[in-house]
Amino acid sequence: METVVAQNLSKSRFMTISIMAVAIAGVAYVVGSQGDGPGLLGSGTIAPAERYRAPQVTSADVGLGDTSVPMLMQTDAFELMVKNPSFRALAADPAFMALARNPEALAAMAKNPQAFVALAKDPKAFAALSAGAAAAQAENAQAFAAMAANPAAFEAMAAQPAAFAAAATHASSFEALARHPQALDAMARNAKAFEAYAKNPAAFEAAAANPAAVAAMAADAAAFRALARDASAMAALRADAAMFDTMARNAEAFRALAADSAAFKAAFDAEALAAMARQASAFEALARSPQALSAAALDSAAFARAASAARVQAISSAASADAVAATADAMARQAAAFDAMARQPAAMSALASHASAFEALARHPQAFAAMARNPQAFASFAKAPAAFQAAAANPAAVAAMSADAAAFEALARDASAMAALRADAAAFDAMARNAEAFKALAVDAALFRRAADASAIASMAQNEAAFAALARNPAALSAAAQSASAFNARAAASAARAAEAAASLRAKGVEANLAASGRAAEAMSVMAAHPQAFAAMSANPQAFAALARNPQALSALATNADAFQKAAAQPAFAALASSPAFSAMLADPGFARAIRTN
C-alpha cells in the first residue's frame with residue numbers, strides 16, 4: 001500500500017521546493033508502506049513532515065549568502081529521508097560524497113537502482129558501457145551533422161520511412177546506385193523484379209551488361225550498361241547483395257518515392273548517401289525504427305532551417321555546408337547543455353557571441369553562477385577588465401563576490417581565464433544587457449550547471465564564426481538547439497532499443513553480431529548484459545563518463561547496494577539526489593547533526 005505526503009505547502013515552501021530539480025516540482029511524495037520511510041500512520045497518509053528547525057543550521061555551517069543547503073534541509077524530502085535507515089547508511093559512507101557530486105548520474109541511477117548496483121561491482125564493465133554510450137552519441141552527432149548538411153535529401157527520404165530505413169541499412173550499396181540515378185529509378189519502380197539477385201549478385205552484373213534481354217531493364221538499357229561498367233558499384237553490390245531483398249520487401253515505399261521524380265531525385269542524392277555510408281553504424285542503429293529515423297531527419301531539417309534563418313550559410317558559399325554540419329555536430333554532442341541554454345535564447349546568444357570568454361568563466365562554475373545571479377554588478381568591468389582581476393583577487397572587498405570568495409580567488413589565479421576576459425571584456429556588458437535571461441538560468445542551479453558546461457561552450461569557441469552567425473538571431477539559435485536535443489533523444493531511444501535487442505538475443509542463446517555497429521566488441525557485449533543501464537547512460541553520456549572515472553563513487557554504490565536500492569525506492573530520495581546542493585548538504589555540519597539527532 002502506498003501513502004502520500006500531505007501537500008498543503010505554504011507559498012514560501014512551494015518556492016523553496018521549486019528551486020530544487022524538476023523531479024520534485026508539483027510531485028506528491030509517495031512512500032511505500034513496506035519501505036524504511038519513517039512516519040507511516042498505518043493505513044492513513046503520512047503526516048506533514050516536521051520542519052528541520054533553525055538551531056540545526058547555523059551561520060557557521062554555510063557561507064554567507066549561500067542558502068541552497070539550508071533550503072534543501074527545510075524540505076519534506078529531507079525530513080523523510082533523514083530518518084530513513086537506508087539513506088542514513090549511505091550518508092555514513094564517506095565515499096558516497098563522491099557519488100553525490102554527480103547529481104545527473106545519481107538521479108538517473110535512482111530510477112533503476114538494481115541495474116546499476118550490479119554494474120557498479122564491475123568497474124571495468126561500467127567503464128566499457130560508459131565508453132560505448134559516449135561513442136554512440138559521437139556517432140549520432142555525426143549522423144545529425146550529415147543530415148543537417150543535406151536537409152533536402154533527408155527530408156525527402158523521410159516521406160517514406162521504410163525506404164529511408166532500407167537506404168540507411170545499405171548505405172554503401174545505395175550510394176553506388178545513386179551514381180546511376182536512371183537505373184536506380186527503374187529498380188525502385190519495380191523492386192520485386194530484382195529480388196532474385198539477392199542470392200546471385202553476379203547474375204545482376206551480367207544482366208545489366210545485356211539489359212535488352214531483361215524486361216525490367218530494357219527501357220533503361222544505356223543506364224544499366226553504364227552501371228555494369230562501374231567496377232566500384234558492382235563491387236559494392238556484390239558485398240551487400242541483401243540490398244536487393246530489402247528493396248523488394250519495401251517495394252511499395254520505393255515505388256511511392258519513384259512516383260514523384262523530383263522527390264526521388266532529392267532523396268537519392270549521391271552526396272547525401274555518401275554521408276550516410278560514412279556514418280553507417282549510426283544510421284543502421286537509427287534505422288531499427290523507420291519512423292524514428294524519419295523523425296530524426298525532420299529534426300535535422302528543422303536545424304538546417306534555423307541555421308539558414310540565422311544566415312550561418314552566409315559565412316561563405318563554399319563553407320556553408322561545413323559550417324552547418326559543425327554547429328549541428330557540436331549541438332548534438334552536447335545536447336543537454338545546448339537544450340539548457342535554449343531555455344533562455346538571449347543568454348544563449350550572449351554565450352555564443354563571446355564563447356571564449358564564457359568558456360573561461362565556465363571553468364569556474366561557482367564564480368560564473370554568482371555573476372549570472374547579479375550581472376549588473378559586473379557591467380563596469382567591460383571597460384576595465386584589469387579591475388576585474390584585481391577585484392577577484394580580493395573578493396572580500398566586493399559585495400557581489402564576497403559570498404563566493406574562494407571561487408573568485410581561484411578565477412583570479414587562472415592566467416588563461418584572465419587573458420580570455422581581457423581579450424573580450426565585452427562579455428561583461430553582454431551579461432548585463434541580458435541580465436534577466438542570465439538570472440532566469442541561474443535561479444535553477446541544475447539548469448545553470450548544464451547550460452554553463454565548459455566543454456559545450458568550448459565547442460562554440462571552436463566554431464566561432466558559425467555560432468556568432470547563429471547568435472545574431474537568438475530565436476533561431478534556440479530553435480536549432482531544440483532540434484538537436486530532439487534528435488539526441490530519438491538517438492538515445494534507438495540505442496536503448498539496440499541494447500534491448502542484444503539482450504533478447506543473448507537470452508535466446510544467440511550472440512549479437514558485435515562488429516555490426518562498428519563499436520568495440522567489449523562495449524557491445526556489456527551493453528547486451530546491461531541494457532537498462534546502457535539506455536540511461538545513452539541519455540547523458542557525459543555525466544556517466546565522469547562517474548566511470550571515479551572509482552570511489554562506484555565503490556560507494558557497490559558497497560551500499562542494498563541501502564541504495566531501498567533508498568532509491570523512495571521518491572523523496574530522487575528529490576534530494578537531483579538537487580545541486582545535495583553533495584554540499586552531505587558535507588554540511590548541520591546535516592551531521594541532523595543524522596545524529598534523528
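Two cavities of 30 Å³ or more are present in this structure, which is a predicted model. The protein has 598 residues, of which 53% are buried, and its secondary structure comes to 45 helices and two strands.

**Largest cavity**

- The lining of the largest cavity consists of Ala133, Ala136, Gln137, Asn140, Asn488, Ala491, Ala492, Ala495 and Ser538.
- Two elements, α8 (123-149) and α37 (474-507), each give two or more residues to this lining.
- By class, the lining of the largest cavity has five nonpolar residues, four polar residues and no charged residues.

**Second largest cavity**

- Pro201, Phe204, Glu205, Met234, Leu237, Arg238 and Phe244 line the second largest cavity.
- The elements that give two or more residues to the lining of this cavity are α13 (201-209) and α16 (231-239).
- Five nonpolar and two charged residues make up the lining of the second largest cavity, with no polar residue.

**Packing of helices against α33**

- Helix α27 (residues 365-373) packs against helix α33 (residues 435-442) at an angle of about 130°, and the two axes are 7 Å apart.
- Because of this angle, α27 is classed as oblique to α33; angles over 145 degrees would count as roughly antiparallel, and those from 65 to 115 as roughly perpendicular.
- On the α27 side the contact is made by Ala369, Ala372 and Arg373, and on the α33 side by Phe438, Lys439 and Ala442.
- The residues of the contact of α27 with α33 comprise four nonpolar and two charged, with no polar residue.
- Helix α25 (residues 345-353) also packs with α33, at an angle of about 100° and with the axes 7 Å apart.
- The angle makes α25 roughly perpendicular to α33.
- Ala346, Ala347, Ala350 and Leu351 of α25 make this contact with Ala437, Phe438 and Leu441 of α33.
- The contact of α25 with α33 has seven nonpolar residues, and neither polar nor charged residues.

- Of the contacts in the protein with a separation of 6 or more, 78% are accounted for by residues 24 or more positions apart.
- Leucine 554 and leucine 119 are separated by 435 residues in sequence, and their C-alpha atoms are 9.0 Å apart in space.
- Alanine 149 and alanine 325 are 176 residues apart along the chain, with 5.3 Å between their C-alpha atoms.
- Lysine 83 and threonine 597 are 514 residues apart in sequence, with a C-alpha to C-alpha distance of 9.4 Å.

**Individual residues in helices**

- Leucine 554 is placed in helix α41 (residues 551-559).
- Leucine 554 counts as buried because its relative accessibility is 2%, and the cut-off for buried is under 20%.
- Neighbours within four places in sequence aside, leucine 554 is in contact with Ala120, Pro123, Phe126, Leu547 and Ala548.
- Alanine 149 lies in helix α8, one of the elements that give two or more residues to the lining of the largest cavity.
- With a relative accessible area of 24%, alanine 149 is partly exposed.
- Not counting residues up to four places away in sequence, alanine 149 touches Ala321, Val324 and Ala325.

**Individual residues in loops**

- Asparagine 250 is located in the loop between α17 (242-249) and α18 (251-258).
- Asparagine 250 has 18% relative accessibility and therefore counts as buried.
- Apart from its neighbours within four places in sequence, asparagine 250 contacts Ala162 and Ala166.
- Lysine 83 is found in the loop between α3 (76-81) and α4 (85-91).
- Lysine 83 counts as partly exposed because its relative accessibility is 35%; partly exposed residues fall between the buried cut-off of under 20% and the exposed cut-off of over 50%.

Conventions:
Residues numbered from 1 in each chain as written. Predicted model: local features only at pLDDT ≥ 70, side-chain atom pairs only at ≥ 80, totals over all residues. Heavy atoms only, no water. Helix = DSSP H or I, 4+ residues; strand = E, 2+ residues; numbered from the N terminus. Buried < 20%, exposed > 50% of the residue type's maximum accessible area, 1.4 Å probe, protein only. Contact = heavy atoms within 4.5 Å. 1 Å grid on protein atoms, 1.4 Å probe; cavity = no way out; pocket = protein on both sides within 12 Å on 5 of 7 lines; lining within 4 Å. Points joined across faces, edges and corners; volume = space filled by probe spheres on them. Nonpolar A, V, L, I, M, F, W, Y, C, P; charged D, E, K, R; others polar. Axes fitted to C-alpha atoms, helices over the stretch in contact; angles between N-to-C directions. Parallel < 35°, antiparallel > 145°, perpendicular 65-115°, else oblique.
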